[in-house]
Amino acid sequence: AVAALFDGKKTAAEVAKEFKERYGQELEPGQVLGLAEELDQALMLSSPHFEEGVRRMNRVLAVRGQVLPVSPTPITLHARTRNGVVVSGQTNVMRTPGIERVWVTPADVAPAADALAAIADAEVIVLGPGSLFTSLLPALLVPGIAEAVAAASAVRVYVCNVATQAGETAGYDLADHVDAL
């Protein structure tokens, strides 16, 4: 078993690729972002319980493997820049250069039992690829998740993005990514 923390926008990009293969029509980048947001909204509306919504979306998208949320509670991402500017929300954080610190609220959010079990049972834990400050670190900031990854007997692998992202990690090299983790 492999537990992976990944980027939901990349998942939407894969759905867009599949869409092109099946229907012969390419989605524009804005449509892919819109697709990610629509999937997220559909997930939230499909069930009063976020985790059940994720399970339903796994079935609808015929996901191979398992996609698990790190928490059943919606979280908000926040960041502070080196200049002391604070921004909130994933979209705002990903467009912000010079991030010094990220955190999530509510700070005492509970981790999802399914995610903790998957991490504990994994033979390999893959962190990435994905947006450092808007996908990977927020998952690790949910109380109990980073501790579960650290305590797991699994091999842990970090897969760094092959390119930096405008705003979020502009100018970062591999060492900078690892330092942030």
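Is E100 buried, exposed or partly exposed? I will start there and then go through the rest of the structure. E100 has a relative accessible area of 46%, so it counts as partly exposed. Please keep in mind that this is a predicted model.

First, the overall layout. The protein has 181 residues, and 35% of them count as buried. There are 8 helices and 6 strands. In sequence order, the pattern runs β-α-α-α-β-β-α-β-α-β-α-α-β-α. The accessible surface is about 10400 Å², and carbon and sulfur atoms account for 55% of that. If we take contacts between residues at least 6 apart in sequence, 64% of them join residues at least 24 apart.

Back to E100. What does E100 form with R80? The two form a salt bridge, with the closest N and O atoms 3.1 Å apart. The pair links distant parts of the chain: R80 sits in strand β2 and E100 in strand β4, which covers residues 99-105, and the two are 20 residues apart. In general, side chains of opposite charge can pair when their charged atoms come close. R80 has 28% relative accessibility, so R80 is partly exposed as well.

Staying in strand β2, I move to H78. The strand spans residues 76-81, and H78 lies within it. H78 counts as buried because its relative accessibility is 12%, and the cut-off for buried is under 20%. Which side chains make polar contacts with the side chain of H78? One is the side chain of S88, at 2.7 Å. Another is the side chain of T105, also at 2.7 Å. Leaving out residues up to four places away in sequence, H78 touches V87, S88, V93, R101, V102, W103, V104 and T105.

Next, a residue in a loop. S71 is found between α3, residues 50-60, and β2. With 4% relative accessibility, S71 counts as buried. Its side chain has a polar atom 3.1 Å from the backbone nitrogen of T73. A polar atom of the S71 side chain also lies 2.7 Å from the backbone oxygen of A110.

Now the aromatic residues. How many aromatic pairs does the structure hold? The count is 1. The rings belong to F133 and Y172; their centres are 6.0 Å apart and their planes stand at 90°, so the pair is edge-to-face. This pair, too, links distant parts of the chain, with F133 in helix α6 and Y172 in the loop between β6 and α8, 39 residues apart. Both F133 and Y172 are buried.

Helix α6 deserves a word of its own. The helix runs over residues 132-141. It is mostly covered, with 9 of its 10 residues buried. Among the buried ones are L132, F133, L136, L137 and L140, and the list also includes T134 and S135.

Last, the surface. Which residues form a nonpolar patch there? They are V155, V157 and V159, and together they have about 200 Å² of accessible area. V159 lies in the loop between β6, residues 155-158, and α8, residues 174-180. The relative accessible area of V159 is 32%, so V159 counts as partly exposed.

Conventions:
Residues are numbered from 1 along each chain as its sequence is written. This is a predicted model: local features need pLDDT of at least 70, side-chain atom pairs count only at pLDDT 80 or more; totals for chains, interfaces and linings use all residues. Side-chain values use heavy atoms; hydrogens and water are left out. Helices (H or I, at least four residues) and strands (E, at least two) are DSSP runs, numbered from the N terminus. Buried means under 20% relative accessible area, exposed over 50%, partly exposed in between (1.4 Å probe, protein chains only). A polar contact is a pair of N or O atoms within 3.5 Å; within protein, one must be able to donate a hydrogen and the other to accept it, and residues adjacent in sequence count only if both atoms are side-chain atoms. Contact means heavy atoms within 4.5 Å. A salt bridge is a side-chain nitrogen of Lys or Arg within 4 Å of a carboxyl oxygen of Asp or Glu. Patches are made of residues with over 30% relative accessible area and no salt bridge: like charges are joined within 9 Å, nonpolar side chains (Val, Leu, Ile, Met, Phe, Trp, Tyr) within 5 Å. Accessible areas come from the Shrake-Rupley method with a 1.4 Å probe; for residues, only the protein chains shown count as cover. Rings of Phe, Tyr and Trp (its six-membered ring) pair if their centres lie within 6.5 Å; planes under 30 degrees apart count as stacked, over 60 as edge-to-face and the rest as tilted.
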